[in-house]
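Here is a short report on one protein model. Look at the sequence and the 3D view, then read on.

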Amino acid sequence: GAVQPGDTIVIARGSGTRGALKITGAVGTAAKRIKVINESGGLLTISGASGFVLNFEDCRYVDAIFNNSMTTQTIGGRSISYGLLVTAPSASPTPTCFIKTSGTTSFLKIANFKIDGKQTVFGDGGGGSGMQTYDLNSGRTKVVNGSTVANWYESIEVSDFLIISCKGEGIYGGPNMYTTTAAWCKDMSYHDGVIQNTGRNGIELKCALGGTNVVYNIDVRGTGRNTNVSEANQLAGISLADSAASVYNCKSIDSGGQGIFYYCTQYFDYGAAVAQYGTYTVIDADCYNNIVDNAGNVSTSAAGDGISLGAAPGSVEPRIHVYSNTVINSREAGVYTNNQANSGCVVENNILLENGSVTSLSSGGTGVGNYSTGTVAATLAADYTLIAERQALGTFSTNYSPTDIAGTSRAGTASRGAYEYA
């Protein structure tokens, strides 16, 4: 019979590798979530060369946790354990994406998986995303009890993952603002993972404007490898387009474009009502305890700022609080805002060293208490921890996380940058 709330779906390993799989219409409840797990006895491998390799379609209140018979892999000091591998038979052809959420899917948790796109050359970023968490035809409105209300693509949580060697983005969450057939995103959460070697952005989150949206405890390395000039604005480590999403405790290392990029597009009009979602003039988010190293290293056609805040003329203005980050070796500014960003942006108590320039804030923000006079070698160890105290100044006493990127308390005399001085 049909899957019922509270049921468990066990995906059989078969002979070791199985073909593309779609899970359709698994609908639990908040009190009785459906579980999807891998069969014990070895790694579950799902492989496909086209379309969506693993697709959760019209699934709600589902926990897909692949924690049986796990394998552990360590990259850059972060270890990820997974019981599911989603891949392709070879580098070409490549599927549209490896894991997809589609239709009305919401309230989904997925964890303990690896995606291997098998790419070694990144000349064309089209297709081949590691994961897509949105649906282009989900609709911006729905009818509830005879009333038309906003429709949200909501509560997708992705954690404990390793995504490597993908032609497109590592994770692509949310539609373009101009796609009027697609629901905006709400309560999206991506955390505790590694993304390495992608053609486009490591993480790209769009239209995440409802509830609480977060990206944290993720390392993105070698993202934005595509050297095609037409891809120059899609090469960031972490990109937040038309999104109110906080980014913290992340590392963006060796990104082709910006390390962390907030931007409101020309399609998100200042003060204009959008369907049932309401009217926006500013969006707020926090960006803290992050490490950005070597941003903008693929091509000078891509922006090379460590952390970038901006908007198109006439668009909603990002008002981002950027604090307690360590940003080094960026090709352009350590922190940049364009003159369309909200003047309420605050950039404070960061370590900004050996970037093309310290900050370039235009009229879109204020810099307070940043440390930029030393060298990387004299300030930071190889693991980005502080060699000596860099005490926070300015307004830091009321604007810092209780802990640093490693979970160390900042109580007492807090330090600038992502790490508290031990």
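## Strands and cores

Strands S32 (residues 307–311) and S35 (residues 333–337) pair in the parallel sense, over three bridges. Within this pairing, Leu 309 has Thr 337 of S35 as its bridge partner. Keep in mind that this model is predicted.

Both strands belong to an open sheet of eleven strands with parallel pairing. Its order is S3-S6-S11-S13-S18-S21-S24-S27-S32-S35-S38.

Now take an antiparallel pair. Strands S14 and S15 pair in that sense over four bridges. Thr 141 has Ala 150 in S15 as its bridge partner. Two residues lie between the strands of this hairpin, and Asn 145 takes a positive phi near 55 degrees.

The table sets the two pairs side by side.

| Strands | Sense | Bridges |
|---|---|---|
| S32 (residues 307–311) and S35 (residues 333–337) | parallel | three bridges |
| S14 (residues 141–144) and S15 (residues 147–150) | antiparallel | four bridges |

Next come the nonpolar cores. The largest has 80 residues, and Phe 113 and Trp 184 have the most contacts inside it. Strand S17 (residues 156–166) gives the most to this core, with five residues. Not counting residues up to four places away in sequence, Trp 184 touches several residues, including Arg 140, Trp 152, Phe 268 and Tyr 280. Another core, of 13 residues, lies apart from the largest one. Among its residues are Ile 253, Ile 351, Tyr 371 and Val 376.

Note on methods: Residues numbered from 1 in each chain as written. Predicted model: local features only at pLDDT ≥ 70, side-chain atom pairs only at ≥ 80, totals over all residues. Heavy atoms only, no water. Pairing = 2+ DSSP bridges. Core = buried A, V, L, I, M, F, W, Y, C linked by side-chain atoms within 4.5 Å. Buried < 20%, exposed > 50% of the residue type's maximum accessible area, 1.4 Å probe, protein only. Contact = heavy atoms within 4.5 Å.
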